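User: Can you walk me through the helix packing and the ligand site here? Keep it short.

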Amino acid sequence: MGSRSFVRSPVSCSAVNEFFTCSSHCSRNYYQCSNTMKSQRAQVGQTLLPRKLRKSTRWQTALFTQRRIVSNCCSDLSTTYTEEVPNYLALNVLQDQSNTGQDNIRKVLVILNPNSGFRSSRAVFYKKVQSTLKLSGFTMKVVETAYAGHAKVLASTVDLSTCPDGIICVGGDGVVNEVLNGLLGRDDLKEALQLPIGIVPAGSDNSLVWTVLGIRDPVSAATALAKGGFTPIDVFAVKWIQAGVTHFGLTASFCGFVADVLQLSENFRLQLGPFRYVIAGLLKFLSLPQYRFEVDYLPSPGRNPELKSPTQNCCDQLSDGSKVKRGSTEDNWVMRKGEFLGILVCNHFCKPAQGLLSPVMAPKAQHDDGSLDLILIHGSGRLRLFCFFVAYQFCWHLLLPFVEYVKVKQVKIRPVGGTHNGCGVDGELLQGEGQAEWQCSLLPAQVPSRRRGAMDVSLLAYRCFIAFYSHLQYLPCTVLVLE
Ligand SMILES: Nc1ncnc2c1ncn2[C@@H]1O[C@H](COP(=O)(O)OP(=O)(O)OP(=O)(O)O)[C@@H](O)[C@H]1O
């Protein structure tokens with residue numbers, strides 16, 4: 001524990017240099033003698049350096065220290081001297097490791113998508129993350145995906161006994177989604193549901209880990225993984241009714257303009273990386289089609305006191321007026337029909353990593369509140385879409401009279417006429433054929449069973465599960481995500 005205070009105390013560079021001179025042979029000694037050195041040198045630093053200068057010195061010191069530690073302690077690892085762990089917290093991780101024993105070894109499968117984001121996943125993992133994880137006790141088997149869908153195949157076929165402590169995804173939301181779906185498609189579902197999913201963000205958006213945990217840099221993610229812990233996240237299922245196909249998600253599903261942008265953006269992935277969404281959005285905005293849908297939703301009980309608000313009255317009129325009907329009193333289904341610029345079903349508040357002002361799409365959504373947040377953008381036309389986009393930047397979009405926002409249990413969406421019948425789930429596009437109807441609902445919540453001690457690992461965890469396909473089974477589930 002003394003080593004922790006060493007890191008946080010203001011010390012001069014020379015103190016650290018000296019310190020490393022005396023500790024270069026044995027990292028363990030380093031930890032033992034660091035307290036003494038700290039108490040001596042800290043006083044010097046505090047006395048002589050102005051506060052601001054002390055602060056910056058401390059930062060540089062921390063970086064320097066880490067590099068030296070890596071080089072001194074990790075000769076048995078496949079890391080090179082040039083690999084850096086430029087993060088304060090990483091040092092704490094390394095120090096904590098001095099007190100850990102064999103029990104803390106955590107065996108995980110790492111699935112790395114080399115195609116994510118700027119295609120920098122390899123660099124992110126091998127240069128910034130791998131050594132931190134190794135030093136904190138992870139034993140990793142790293143597999144790089146070779147094609148779209150490979151992560152799903154891996155997650156659905158891997159021998160779970162080889163990675164009892166989880167699967168870590170290095171990439172974007174897409175690879176996380178594939179792993180989720182791979183696990184949920186396994187025959188040994190009960191065991192698969194216990195497996196945590198970790199995320200090291202290296203994709204274009206990484207909305208899930210950014211929204212839920214406020215992490216978007218890989219080093220912080222690795223530190224969180226090393227630290228341990230779980231975050232439960234609701235899981236929703238999107239079912240293509242006609243084909244009987246179910247796809248699972250953690251972030252959001254959407255139809256209309258956003259789904260079109262997603263489809264178009266894939267054409268620019270190689271050239272533009274994460275900026276493809278901006279270009280595709282502009283192009284689609286300029287050639288904006290009309291979207292017509294029929295939407296049925298089941299409001300979440302007790303969560304919508306504002307149902308039938310003035311905004312909704314307005315929406316009733318916008319949405320082909322009299323076509324708004326209430327369902328039977330038994331289930332209280334609500335129906336909307338007409339033109340919609342977009343339909344979004346959010347599982348968390350959806351904060352894009354690339355937003356100019358860090359707007360959130362569904363401010364009342366929580367990733368573990370047992371309900372979905374439905375946003376209906378009624379109407380059509382570029383002016384209305386532009387208004388929505390501008391208001392969204394300031395998080396005022398819910399105040400617009402043509403926007404309806406309601407917490408729901410279930411939503412059914414039917415594209416009408418020639419409307420594009422694709423549906424996006426966590427950034428992946430599901431393409432329906434012919435008449436497609438999408439049903440989006442939450443899986444029943446499950447209490448994750450406590451995993452063994454080594455599971456006090458970091459990943460982002462998810463909680464809900466799974467009753468899917470026709471034979472509903474309530475199984476315990478844990479879906480992890482970085483914490
Ligand atoms: N080796 C590969 N070659 C081509 N595509 C791949 C490969 N591996 C995975 N994919 C596909 O790449 C797509 C995007 O992956 P991912 O979500 O990780 O990155 P991203 O789209 O840049 O990030 P985000 O989803 O956060 O915006 C996924 O649909 C996945 O199926």
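**Helix packing and ligand site**

Analyst: This is a predicted model. Helix α7 (residues 150-157) packs on helix α8 (residues 173-184) at about 35 degrees, with the axes 7 Å apart.

User: What's the handedness of the crossing of α7 and α8?

Analyst: Right-handed.

User: And which residues in α7 and α8 meet?

Analyst: From α7, H150, A151, K152, A155 and S156. From α8, V175, E178, V179, N181, G182 and L183. By class, the contact has five nonpolar, four polar and two charged residues.

User: Switching to the ligand. How many residues surround the ligand, and which are the closest?

Analyst: 23 residues surround the ligand. The closest are S116, G174, E178, S204 and E428. E178 also belongs to the α8 side of the contact with α7.

User: Which polar backbone atom is 2.7 Å from a ligand oxygen?

Analyst: One of G117. There is also N206: a backbone N or O atom of N206 lies 2.9 Å from an oxygen atom of the ligand.

User: Which side chain has an N or O atom 3.0 Å from a ligand oxygen?

Analyst: That of R269.

User: Back to helices. At what angle do α6 and α11 pack?

Analyst: Helix α6 (residues 121-135) and helix α11 (residues 218-227) pack at about 25 degrees. Their axes are 9 Å apart. Angles under 35 degrees count as roughly parallel, so α6 is roughly parallel to α11. The crossing is right-handed.

User: Which residues make the contact of α6 and α11?

Analyst: α6 brings V124, K128, V129, T132 and L133. α11 brings P218, V219, A222 and L225. The class count is seven nonpolar, one polar and one charged.

User: One more pair. How do the axes of α12 and α14 cross?

Analyst: At roughly 120 degrees, and they come within 8 Å. Helix α12 covers residues 257-265 and helix α14 covers residues 276-286.

User: Why are α12 and α14 called oblique?

Analyst: The roughly perpendicular range is 65 to 115 degrees and roughly antiparallel starts over 145. The crossing angle of roughly 120 degrees therefore makes α12 and α14 oblique to each other. α12 passes α14 in a right-handed crossing.

User: Which residues make the contact of α12 with α14?

Analyst: On α12, F257, D260, V261, L262, L264 and S265. On α14, R276, Y277, A280, G281, L283, K284 and F285. By class, that is eight nonpolar, two polar and three charged residues.

Technical notes: Residues numbered from 1 in each chain as written. Predicted model: local features only at pLDDT ≥ 70, side-chain atom pairs only at ≥ 80, totals over all residues. Heavy atoms only, no water. Axes fitted to C-alpha atoms, helices over the stretch in contact; angles between N-to-C directions. Helix = DSSP H or I, 4+ residues; strand = E, 2+ residues; numbered from the N terminus. Left-handed = near helix turned anticlockwise from the far one by under 90°. Contact = heavy atoms within 4.5 Å. Nonpolar A, V, L, I, M, F, W, Y, C, P; charged D, E, K, R; others polar. Near = heavy atom within 4 Å. Polar contact = N/O pair within 3.5 Å; in protein donor to acceptor, adjacent residues only side chain to side chain.
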